[in-house]
Amino acid sequence: MRIKTAQIVGNEAIYKISNQLEVEQLKTMYGDDIGKIEIGIEYIDPRRFSVKQRKLFFSLLNDIYRYTGQGVKELEEYFYQEYYSATFGGVVDLHNSSGTTLSEVNLLIEIVINFIFEWNIPVNEAANILPKNEAYFLYGCCKYRKCMECGLKADIHHVDALGMGSNRNKANHLKHHFMALCRRHHQEIERIGRKAFSDKYHLPVSGIKLDLPTLKKLNIRGGYIND
């Protein structure tokens, strides 16, 4: 179903359904009881995808090809299908004549990056243009324990200190920020400081917050029940 914002009054928004057939379908399903209708809203950046996004996408595919031997064209079609499944029928296209948006390609790239993390695929060509300042990349590094600088096996480190005498097993880690660094880069950031580390590697060092399922998956114990 495609809808667009028709009017915003204060904190209330009125949306317009663009297809009359879909209106008739809603009437058939719900009759006059519109209070039962639930609609998920996703705000899309309408700007067309960038050349940098396309370059990153195909650089990632090239890295997967070098590791698996699967052809780039086949990989492209595979990830288009994954996007189709993830968006319940969405279509994405990176040809010059395409009207695919920035937001749509961001999701496509996120799907590819998750695949790379999950299957431990080394990234070479795409390493210098990976969106290391993007939250989902930093989240993936933590989720799959990959160093956000070199991609090697990492430990999950607190960015903000827990405080003197704090018990890590009782702390509410939902309130804290984390980053994934291998032993070598963790020692380096401790030695030269966060600002110098960020300047050297062009990486954000503020860390990200992790949700409860991810914290449990990473075996980061804490006192979550009463918070």
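The lining of the largest cavity is made up of seven nonpolar residues, one polar residue and no charged ones. This is a predicted model. The structure holds one cavity of 30 Å³ or more.

**The cavity**

- The space in the largest cavity is about 40 Å³.
- Leu-138, Cys-142, Met-148, Phe-178, Met-179, Pro-204, Gly-207 and Ile-208 line the largest cavity.
- Helix 5 (135-143) and strand 4 (178-181) are the elements that each give two or more residues to this lining.

**The second largest pocket**

- The volume of the second largest pocket is about 530 Å³.
- This pocket is lined by 24 residues. Val-123, Ala-127, Leu-130, Lys-132 and Glu-149 are the closest to its centre.
- Helix 4 (102-118) and helix 5 are the elements that give two or more residues to the lining of this pocket.
- Helix 4 supplies the largest share of the lining, with three residues.
- By type, the lining of the second largest pocket divides into 15 nonpolar, six polar and three charged residues.

**Helix 6 against helix 7**

- Helix 6 spans residues 183-192 and helix 7 spans residues 194-201.
- The two helices pack at an angle of about 125°, and their axes are 6 Å apart.
- Helix 6 and helix 7 are therefore oblique to each other, since an angle of 65 to 115 degrees would count as roughly perpendicular and one over 145 as roughly antiparallel.
- On the helix 6 side, the contact is made by His-185, Glu-188, Ile-189 and Ile-192.
- On the helix 7 side, the contact is made by Arg-194, Ala-196, Phe-197, Lys-200 and Tyr-201.
- The residues of this contact divide into five nonpolar, one polar and three charged.

**Val-205**

- Val-205 sits in the loop between helix 7 and helix 8 (212-217).
- Is Val-205 buried or exposed? Val-205 counts as buried, because its relative accessibility is 12% and the cut-off for buried is under 20%.
- Leaving aside neighbours within four places in sequence, Val-205 is in contact with Val-159, Met-179, Ile-189, Arg-194, Phe-197 and Ser-198.
- Among these partners, Met-179 also lines the largest cavity. Ile-189, Arg-194 and Phe-197 also take part in the contact of helix 6 with helix 7.
- Val-205 and Leu-138 are 67 residues apart in sequence. In space, they are 10.0 Å apart, C-alpha to C-alpha. Leu-138 is one of the residues that line the largest cavity.

Methods: Residues are numbered from 1 along each chain as its sequence is written. This is a predicted model: local features need pLDDT of at least 70, side-chain atom pairs count only at pLDDT 80 or more; totals for chains, interfaces and linings use all residues. Side-chain values use heavy atoms; hydrogens and water are left out. On a 1 Å grid over the protein atoms alone, a cavity is a set of points where a 1.4 Å probe fits but cannot get out, and a pocket is an open set with protein on both sides within 12 Å along at least five of seven lines; lining residues have an atom within 4 Å of a point. Grid points are joined across faces, edges and corners, and a volume is the space filled by probe spheres set on the points. Helices (H or I, at least four residues) and strands (E, at least two) are DSSP runs, numbered from the N terminus. Ala, Val, Leu, Ile, Met, Phe, Trp, Tyr, Cys and Pro count as nonpolar, Asp, Glu, Lys and Arg as charged, and the others, Gly among them, as polar. Axes are lines fitted to C-alpha atoms, for helices over the stretch in contact, and angles run from 0 to 180 degrees between N-to-C directions. Angles under 35 degrees count as roughly parallel, over 145 as roughly antiparallel, 65 to 115 as roughly perpendicular and the rest as oblique. Contact means heavy atoms within 4.5 Å. Buried means under 20% relative accessible area, exposed over 50%, partly exposed in between (1.4 Å probe, protein chains only).
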